[in-house]
Amino acid sequence: MTAPRAPRFLLHDSPVGDILIVTDGGGIIALHPVHGAPDADLHAIEALTGAAPVFDDGDPTACAAAEQIDEYFSGDRRSFDLPLDWSRVRGFTGEALRAVCDIPYGETAGYGEVAIAAGSPRAARAVGTACATTPFSIVVPVHRVVRADGSLGEYGGHSEVKQHLIDFERRVAAEGVAE
C-alpha cells in the first residue's frame, strides 16, 4: 500500500502579507494570511493530515489559488472558484462558513445575521468561532463578518488586515472596477 502524498504548500505574497496555500489530492485544505514564519501553521497542517507539508511552487491548485488571489487584489475578481476541501470542516462550522460565502462583495453582515442564514439564529458566538477557525480566509470572506454594532471584531489577531480587506472591497465596489 502506498503512503498518501504529503500536502503541498506555497507562500504567496499579497498586500496583506504572505498567504499560505496548502493543498492535497482533494483540493485546498488551508488558505490564509500568515504573519511571520509559517512554522506553526505548517506544524498544525502536519498534525491534521499526518504528513509534513512539502514546499511546491508548481502545484497546479496552489498556483490557481495564487492567480485568483492576485486577481482579487487587483480588483478584477469578486469571488473565488477554487476546489476547497471541506472534509475537515465539521458541523455548524461548515454551515456558518458556507453562509459567509453568501455575503455580497463590499458588504458586511453581523455574526447574528450569519447565524440566521446558517439556520441557527441563536448561534452568533458559534459563527465567531467558525470565522476564527476557518481554514480558508479571504476566499471564504470571513473578513465580511462584523459585530452587531458594526465594529470589526477579531481577524486572527490582526484587525488591521480585516479593515484593509473591507475598505478595499468597498472601494472597488464603489468604483465598479470588477464584475
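1. The second largest pocket of this predicted model has a volume of about 180 Å³. Its lining draws on Arg-78, Ser-79, Phe-80, Asp-81, Leu-82 and Leu-84, on Cys-101, and on Ile-138, Val-139, Val-140, Pro-141 and Arg-144. By residue class, the lining of this pocket divides into eight nonpolar residues, one polar residue and three charged ones.

2. Arg-144, which is one of the residues lining the second largest pocket, is also among the contacts of Glu-169. Glu-169 itself has its place in helix H6, which covers residues 159–175. With a relative accessibility of 1%, Glu-169 counts as buried, because the cut-off for that class is under 20%. When the neighbours within four places in sequence are left aside, the residues in contact with Glu-169 are Tyr-72, Tyr-105, Gly-106, His-143 and Arg-144.

3. Strand S1, made up of residues 8–12, is mostly covered, with four of its five residues buried. S1 pairs with strand S2 (residues 19–24) in the antiparallel sense, and five bridges are found between the two; within this pairing, His-12 of S1 has Ile-19 of S2 as its bridge partner. The two strands form a hairpin with six residues between them, and in the turn Gly-17 has a positive phi of about 100 degrees.

4. S1 is also joined to strand S4 (residues 54–55), in this case by two bridges and with the strands running parallel. In this second pairing the bridge partner of Phe-9 is Phe-55, which belongs to S4. S1 therefore has pairings of both senses, as the word is used here for strands with at least two bridges between them: antiparallel with S2 and parallel with S4.

5. Turning to the annotation, UniProt lists residues 12–85 as "domain: Methylguanine DNA methyltransferase ribonuclease-like", and the entry is an unreviewed one.

6. In helix H3 (residues 91–100), the buried residues are Gly-94, Ala-96, Leu-97, Ala-99 and Val-100. Which elements cover the buried residues of H3? Among them are helix H4 (111–117), helix H5 (124–133) and strand S6 (145–146).

How values were computed
Residues are numbered from 1 along each chain as its sequence is written. This is a predicted model: local features need pLDDT of at least 70, side-chain atom pairs count only at pLDDT 80 or more; totals for chains, interfaces and linings use all residues. Side-chain values use heavy atoms; hydrogens and water are left out. On a 1 Å grid over the protein atoms alone, a cavity is a set of points where a 1.4 Å probe fits but cannot get out, and a pocket is an open set with protein on both sides within 12 Å along at least five of seven lines; lining residues have an atom within 4 Å of a point. Grid points are joined across faces, edges and corners, and a volume is the space filled by probe spheres set on the points. Ala, Val, Leu, Ile, Met, Phe, Trp, Tyr, Cys and Pro count as nonpolar, Asp, Glu, Lys and Arg as charged, and the others, Gly among them, as polar. Buried means under 20% relative accessible area, exposed over 50%, partly exposed in between (1.4 Å probe, protein chains only). UniProt positions are given in the numbering used here, feature names are shortened, and annotations may be inferred rather than shown by experiment. Contact means heavy atoms within 4.5 Å.
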